[in-house]
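User: I am new to reading protein models. Can you walk me through this one, feature by feature?

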Amino acid sequence: MNEKRQATPAGLRRWQSLDDARFALELDGGVAELSTAADGSLRLRAEAGEVLDPDPAPGIGREPWMPGAVSADETRDGGLRLVHQGPGFATLEVATKPFSLRVLDRQGGCSAELCDLELRDDGSTHISVCAAPDEHFFGFGEKYGGLDKRGERLRMRNRDAGMSHRDPLYLSVPFFLGLSRTSGASRARGVLLDAFGPCDFDVAAERGDRVRMSTESGGVDVTIFPGPRPADVLRRLSARVGRCPLPPLWSLGHHQSRWSYASEAEVRALAAEIRRRGIPTDAIHLDIDYMDGYRVFTWSPRRFPDPKAMHSALAARGLRTVAIVDPGIKVDPEYPVYREGLDRDFFCRRRDGEVQTLHVWPGRSALPDFDRPQVREWWGEQHRALLDAGVSGIWNDMNEPSGWGPDLPLGRFRLPLGRADLSGMLQSDPSDPKRVRAHEEVRNVYALQECRATREGIERARPRQRPFVLSRSGHAGIQRYAAVWTGDNRSRWADLRESIPMLLNLSLSGVAFCGADIGGFFGSCTPELYARWIQLGSLYPFARTHSKVFTRRQEPWRFGRRVEAIAREALRLRMRLLPYLYGVFRESEHCGAPVWRPLLYEFPDDPDAVRVEDQILLGRSLMVAPVVERGAREREVYLPEGVWFSWHDDARYVGPRRLRVSAPLEHLPLFARGGSILPTQSPIEYVGQAPAEPCVLEVFPGGEGSGELVEDDGETTEYRRGEVARTGLRLWERRGGRMRVEVGPREGSYEIPERILRARVRACPPPQLVSLDGQRLEQGDAVPGYRAADGRVLVQVPDRGEGAAIELEPGP
Ligand code: GLC
């Protein structure tokens, strides 16, 4: 389509500084603006023509750009040289012909180079990032395949891929993290191509030394996030596109879903069964059948006659619901949401002025134009109908947006005729709602804007509560508004395996709260596959079992007693780790660190760690090595540098090394990093149930380490105003094997009643002496006191938040 258009390889003609952090560039055939941020990130926007469009970023809620002053000099050939004193980059050189941008660090090393800019009159553009010969490429949002995307061509166009299992998928994050080595040390950098419409990445496929990025409209908007470590890149990326706000604690529990639990009676029976069998679960999902004829924000009067009563009954069992909401509004003059949307002209129209329709579950439906603030506000308000009935979370599906062409009636059934054609649809321009854009130009932010509307609506309706929104589609920054699941996968081993690199790359793209449907959506799961999937899935950041109508049911007890016990244990482990997991989410809110991390995130200098794609670091201190092969009862594990302990039996290993571990069906290989303290609790069946042992510190010797225990009410936003209890944790190891565990004192105003604090020191022979704040402790069950058994030492001390120092002297 673009071939006929004139391409202009841009050269820099002149430049002008707009202020000390913004520069206007005049190019051959186009214009550009260069901005520098205080954290050392850099942004280049370029477009064909003579004026640059207004900055589109505020229109989709990007975090404000924090300018960082630079000094500017003209180079001999009329180029530009910027010098930055702050973090990130030291110098930026803008060359004239050909136009290029070189980012240099303090050592004079090149940390990024943008080149080959081509601007076309129709708004399409190409720009390349130079690739180092040994560079690996991660991120790119939601993609199938391996972790490292070098050599691939990736398309970003949000799409309901159905069963095709092909790129592109539901959600696009046009961002990558490049990791290469220079003189032994690794260097990471991130690049975001903030296009709202479809775009393409040629990841060093055509030319090994280029990542070529192409947009179809709107010019280019590229931001470079310097490293040098992956964590630095993620911190900078997330400062720009937004971080995942601390989720309500219940949403970190297990979610049980199916298309559909289709009546109140079925939901109540499910809740009873979950509790009768002691399967830790916090939420039940209500798929489309709760609605009245699939009209969003309604309840089927026949199947759900009294949602309030149902929700009270669920609440009594410690269970909540998450209700699905699709953007397609049934075209039905009797339906108030449709009528109001139409009267207020809130739906997307076609070029010919008609309201655009497509066929979704309720039949012919209209799509709200979420790029307008009033439409978002109106949409947000609709959620009161669900919240007032007792719903706790909202599940945004079909929001690519997805739907079909008109149906062909076939007796009792209707045969949908292909995907909906939205090519004639218009939407508002996010940066200026008075202007319109072709749908395709803003397609990739449709779901982002919908989730924004949803989240903000819930925040208005329940100002103190932390919302829970789940989305299928999205764009860079979706984590600000919603958790993400990876759509319709299949009950196959390949899909279980693929969920690992897919979720790791999503995580490296800023989407911290993500998961895949446990057990698979399409097709029927086998007992062994379910067992392995729930073991891994119970450690996904977002843990939900979901399956499609007409497939084998996937409640944890549907696969026989043995698998039920495995599922129960897996979910009990999640609940045990909840305090630790919560802390990792807290870290993510604070600095954009992913919850699920590939090994390269923590060990970028270790080339063997960089290659591992089937192991996961959950936060800094836990490593999961799941079994994802049918029939496998052992697997190989790579342990990077440092001391590692097997979680289950405390076996101690020193990395770097490979080992084979045995993994009977009951067993998920899990390792803890030596020199860490993990806050845990005894398992509970749901958040809100008091654990018998609320504070158990699992201590893994092998180095010095620190951690934090963060506690709050788990559901309101009061923690932002200091209603939080934070306890610093420190582990010291002295010569001769003496060990010191320092706890607290607690900070913040969230009150915790007096309790017993337990520190369980792993792989620790009976000590000669155990003391608390210098006072010798006795062996036994008294508090304070300690017990040494099975190679572990359990110290129990009273916890009033004043802090404690526990010391252990090794035995002779
Ligand atoms: C879509 C969703 C799936 C849901 C179904 C019915 O396929 O991806 O999760 O169950 O629609 O709402």
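Analyst: Let us start with a helix pair. The axes of helix α2 (residues 264-276) and helix α3 (residues 307-316) come within 10 Å, and they cross at roughly 5°. That angle makes α2 roughly parallel to α3. One caution: this is a predicted model.

User: How do I read a helix pair in general?

Analyst: Two packed helices are described by the angle between their axes and the distance between the axes. Next, look at the residues that touch.

User: Which residues of α2 and α3 meet?

Analyst: From α2, take Glu 264, Val 267, Arg 268 and Ala 271. They meet Pro 307, Ala 309, Met 310, Ala 313 and Leu 314 in α3. Now sort the contact by class. The contact of α2 with α3 has seven nonpolar residues, no polar ones and two charged ones.

User: What is the crossing angle of α9 and α10?

Analyst: The axes of helix α9 (residues 493-508) and α10 cross at roughly 10° and come within 10 Å. Angles under 35 degrees count as roughly parallel, so α9 is roughly parallel to α10. On the α9 side, the contact is made by Trp 493, Asp 495, Leu 496, Ser 499 and Ile 500. On the α10 side, look for Glu 528, Leu 529, Arg 532, Trp 533 and Leu 536. By class, the contact of α9 with α10 divides into six nonpolar, one polar and three charged residues.

User: How do the axes of α10 and α11 cross?

Analyst: Helix α10 (residues 527-537) and helix α11 (residues 561-591) have axes that come within 8 Å and cross at roughly 5°. The two helices are therefore roughly parallel to each other. The contact of α10 with α11 holds nine nonpolar, two polar and one charged residues.

User: Now the backbone. Where is a cis peptide bond?

Analyst: Check omega, residue pair by residue pair. Asp 167 and Pro 168 are joined by a cis peptide bond, with omega about -5°. Pro 168 sits in the loop between β13 (153-156) and β14 (175-182). A cis peptide bond also joins Gly 655 and Pro 656, where omega is about 5°. Pro 656 lies in strand β38 (residues 652-662).

User: What is the phi of Met 398?

Analyst: Phi of Met 398 is near 55°. That is a positive value in a residue other than glycine. Met 398 is in the loop between β25 (393-396) and β26 (407-410).

User: Last stop, the ligand. Which residues surround the ligand?

Analyst: List the neighbours, then sort them. The ligand is surrounded by Trp 259, Asp 287, Ile 288, Ile 324, Trp 361, Trp 395, Asp 397, Arg 472, Trp 485, Asp 488, Phe 521 and His 546. By class, this shell has seven nonpolar, one polar and four charged residues.

User: How far is a ligand oxygen atom from the side chain of Asp 287?

Analyst: An oxygen atom of the ligand is 2.5 Å from an N or O atom in the Asp 287 side chain. For the side chain of Asp 397, the distance from a ligand oxygen to an N or O atom is 3.0 Å. For the side chain of Arg 472, that distance is 2.9 Å.

User: How much of the ligand's accessible area does the protein cover?

Analyst: On its own, the ligand has 310 Å² of accessible area, and the protein covers 97% of that.

Notes
Residues numbered from 1 in each chain as written. Predicted model: local features only at pLDDT ≥ 70, side-chain atom pairs only at ≥ 80, totals over all residues. Heavy atoms only, no water. Near = heavy atom within 4 Å. Polar contact = N/O pair within 3.5 Å; in protein donor to acceptor, adjacent residues only side chain to side chain. Areas by Shrake-Rupley, 256 points an atom, 1.4 Å probe, with all protein chains shown as cover. Nonpolar A, V, L, I, M, F, W, Y, C, P; charged D, E, K, R; others polar. Axes fitted to C-alpha atoms, helices over the stretch in contact; angles between N-to-C directions. Helix = DSSP H or I, 4+ residues; strand = E, 2+ residues; numbered from the N terminus. Parallel < 35°, antiparallel > 145°, perpendicular 65-115°, else oblique. Contact = heavy atoms within 4.5 Å.
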